[in-house]
Amino acid sequence: MLFYRAALPLSPQALSYLSGVLRRHRKTIGSPWRRLNPGQQALLVLVHLRKGETLAEVAAGFGVGIATAWRYIREAVTLLARRSPRLERLPARLRPRPQSRPNLGHPAPPRSTVVL
């Protein structure tokens, strides 16, 4: 896999805001050392959300595993959702559904059918 640097059309305030939210959350829960600091975690999350890169791509770009990238994104999105009172008022049909497994950047294998 090849890697490249890219510009992200995003305000520095968005990165700073999310970094602050993550920093306060880590302090509140007494989080131990993590691979990425809050600023790097915020950037990982924003790259995934803004550019739509797969978990495999952002994980490789930030030097973490796919499962770690998924946990970082899920943690940040959950914290942001808690700060948005309007999200809780969405009709049930519009609410995001919980994922049973992360999107690892590749399609699920085709299901085979057995005909007897």
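At 1% relative accessibility, Ala59 counts as buried, where buried means under 20% relative accessible area, exposed over 50%, and partly exposed in between (1.4 Å probe, protein chains only). The model is a predicted one, in which local features need pLDDT of at least 70, side-chain atom pairs count only at pLDDT 80 or more, and totals for chains, interfaces and linings use all residues. Residues are numbered from 1 along each chain as its sequence is written, and side-chain values use heavy atoms, with hydrogens and water left out.

Ala59 lies in helix H3, which spans residues 55-62. Helices (H or I, at least four residues) and strands (E, at least two) are DSSP runs numbered from the N terminus. When residues up to four places away in sequence are not counted, Ala59 touches Val64, Gly65, Ile66 and Ala69; contact here means heavy atoms within 4.5 Å. The C-alpha atoms of Ala59 and Leu44 are separated by 8.2 Å, the two residues being 15 apart along the chain.

## The buried side of helix H3

Leu55, Val58 and Ala59 are the buried residues given for H3. Because they cover an arc of only 100° around the axis, they lie on the same side of H3; the arc is that of the directions from the helix axis to the C-beta atoms. An α-helix has 3.6 residues a turn, so residues three or four places apart point the same way.

The cover over the buried residues of H3 includes H2 and H4. Just after H3, Gly63 takes a positive phi of about 70°.

## Overall architecture

The protein contains 5 helices and 0 strands, giving the pattern α-α-α-α-α along the sequence. Of its 116 residues, 24% count as buried. Its accessible surface comes to about 9,000 Å², and 58% of this belongs to carbon and sulfur atoms; the areas come from the Shrake-Rupley method with a 1.4 Å probe, and for residues only the protein chains shown count as cover.

Among contacts between residues at least 6 apart in sequence, 61% join residues at least 24 apart.

## Nonpolar core

The largest nonpolar core has 18 residues, and those with the most contacts inside it are Leu18, Leu22, Leu44, Val45, Val64 and Ala69. H1, H2, H3 and H4 each supply at least two residues of this core. Such a core is a set of buried Ala, Val, Leu, Ile, Met, Phe, Trp, Tyr and Cys residues joined through side-chain atoms within 4.5 Å.

In soluble globular proteins, nonpolar side chains tend to be buried together. With residues up to four places away in sequence not counted, Val64 touches Arg35, Leu36, Leu44, Ala59 and Ala69.

## Salt bridges

A search of the whole structure finds 2 salt bridges, each defined as a side-chain nitrogen of Lys or Arg within 4 Å of a carboxyl oxygen of Asp or Glu. In one of them, the side chains of Arg34 and Glu75 meet at 2.8 Å, N to O. This pair links distant parts of the chain, 41 residues apart: Arg34 is in the loop between helix H1 (12-29) and helix H2 (38-51), and Glu75 is in helix H4 (residues 66-82). Both Arg34 and Glu75 are buried. Beyond residues up to four places away in sequence, Arg34 touches Arg26, Ile29, Gln41, Tyr72 and Glu75.

The side chains of Glu53 and Lys51 also meet in a salt bridge, at 3.0 Å, N to O. Glu53 counts as buried at 15% relative accessibility, whereas Lys51 counts as partly exposed at 36%.
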